[in-house]
Amino acid sequence: MSNSKSKRVIIEPVTRVEGHGKVSILLDENNKVTQARFHIVEFRGFERFVQGRPYWEMPVLVQRLCGICPVSHHLAAAKAMDKIVGVDKLTPTAEKMRRLMHYGQMFQSHALHFFHLCSPDLLFGFDADPKIRNVIGVAIKYPELAVQGVMMRKYGQEIIKATAGKKIHGTGAIPGGINKNLSIAERDVFLKDLKQMLEWSKGALKIAKDYTVANLDTLKPFGSFDSNHLSLIRKDGAMDLYHGNLRAITADGKKIFDQVDYSNYLDYIAEEVKSWSYMKFPFIKSLGPKKGWYRVGPLARVNTCDFIDTPLAEAARKEFMAVTGGRPNNITMAYHWARMIELLHSIEKIDELLHDKDLQGTNLVVKGQRRNEGVGLIEAPRGTLFHHYKVNDDDQVVMANLIVSTTHNNEPMNLAVQKVAADFIDGVPNITEGLLNRIEVAIRAYDPCLSCATHAMGKMPLKVTLFDYQGNEIASKTKE
Amino acid sequence: MAAEVNKILLIGYGNPARADDGLGPAVAESIGLKNLPGITVEADYQLTIEDSAQVAEHDVVIFADASVNCSEPFSFEPLTAKEGGSFSSHSVEPAEVMALAENLFKSKVKGFMLAVRGYEFDKFDAPLSEKAKQNLEKALLFLGNLLKTKNFNNLQKIISCS
């Protein structure tokens, strides 16, 4: 533990497999924070569970990991299975259908996070009563905005349904391609509402930008720190949320590695195990575990790319980068602004794809020479998602390694909590409503997936516990 | 005078890959197979904000979910729209869906919660436990009769059969 006057915080064995947030804060004799940890209960049994199953089941099976971003798991697994069936390049129809599915997922997920989870903090303030600082509060005070959130989410979900077959746990992507195209009738439904979605996206971006710029002095230090950033990147340096090579940069924007074929990720990324968490801590090998942790997700993606290949999002990116003088933006709360840039980019991409006749093509699947190993990466809404499988000659999966976005952001979220706790708790051994709110706001900036896989009624708290220097629990508060 | 019930929506939600967490979708699947007139059936992993738009198009909505602590074998109770908000989940609670439907779409929907008691939530790709299956059967019997009669006017108290 950190010093002789503090005691180890024992994390009791947790048998629940669904996600929930638990924060432990350890104080010294002067009631200053010596340590704060954000424990995410993540059950990695899924990697064992898929062993022995036929490889072609993976794109459908792995979606059971998550009720929030099943499309991301579906596509990452499908990309890995493309490799297994020996396919390095899909037909234009297959790739564009998958991209449409992915941008639909990105659009609905970002809209949901912004309007449902983040906008109450932005519109009402961190200290507002939790009873109104929620989506219902937004619905009452800003009904037009709330309706936009609902309808944008619905639009993205309908795109997923049209491309994947179902809103949740679709079957669209298959090893080597896709199992359907987009009919003219389906396309026309989406074209009808496209302009409205674009306008609402611009409006959401403006809210996020105006809020960040107006509150920059407050937000700059809030749960913030310099960090490395990692994402996929297109060969020309453009943001690409579906496919690309790996790029990692430092907090100053220097490249740590660039254009790395993600099939070789194990040469660049390692995962550290810590005794107090079920979740692993990934880091960049060349920098080691202490300096090699990084952030993923919207903030990282906007920081790592050289440009965005859609005009409105690119203009927004330039404004975003101008705030930090072209240096990567390391402000945790800027995740929201970056997320809305990606929202706009996603609808611009959807626009582009819907006008592409390849979506009505009929050449859907490619076959190749069977391989025994495949890696698939995708930029999921919360960040880079890794799927890695080995398959035996009987077509059974014998190894699976999944690194989800929230795992990449594990260390940053811990640091954000520690910083917020240190700023708001020093000398006052109490969990105030303000502290609880701020911890919640800092974690939420990362949009972590805490509710993976199951949700049964009565489970989903954020629990913050305060321990004195002798290890005694002195306060605890739960946000349901 | 009782309000006429023409359109009923049943949403069963939960994760069928996690043992008894799949009770909600199991309710939806069974009822869906009956093709009852005027009943729309949806199964999903979780409730989300856009469900409010569909809820608002109906006279009655019944949410079906697994429960870790409701009375056995199930409970059925009227649901009142309630403001709230969860910490970080992208899902919302049934009462919040109703509140959104009321606030955003001026819905007058009447809501009910069917909670079926489950016991095993920690296994991947596991079927319903035997006890949960028994509870499901009883819940389906009750719900099937209710959907045939469509009489929702006298259901003001919690119904729990044992």
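Reply: Let us start with burial: a residue is buried under 20% relative accessible area, exposed over 50% and partly exposed in between, with a 1.4 Å probe and protein chains only. This is a predicted model, in which local features need pLDDT of at least 70 and side-chain atom pairs count only at pLDDT 80 or more, while totals for chains, interfaces and linings use all residues. Residues are numbered from 1 along each chain as its sequence is written, chains are lettered from A and ligands numbered from 1 in the order in which they are written, and side-chain values use heavy atoms, with hydrogens and water left out.

Me: Why is A:Arg317 called buried?

Reply: Its relative accessibility is 10%, which falls under the 20% limit, so A:Arg317 counts as buried.

Me: What makes the pair of A:Tyr155 and A:Phe190 edge-to-face?

Reply: Rings of Phe, Tyr and Trp (its six-membered ring) pair if their centres lie within 6.5 Å, and planes under 30 degrees apart count as stacked, over 60 as edge-to-face and the rest as tilted. The centres of A:Tyr155 and A:Phe190 are 5.7 Å apart and their planes stand at 85°, so the pair is edge-to-face.

Me: Why is the pair of B:Phe76 and B:Phe142 also called edge-to-face?

Reply: Here the centres are 5.0 Å apart and the planes at 65°, so B:Phe76 and B:Phe142 meet the edge-to-face criterion.

Me: How do you know that the charged end of B:Lys131 sits over the ring of B:Tyr119?

Reply: The criterion is NZ of Lys or CZ of Arg within 6 Å of the ring centre and within 35 degrees of the ring normal. The charged end of B:Lys131 is 4.4 Å from the centre of the B:Tyr119 ring and is listed as sitting over it.
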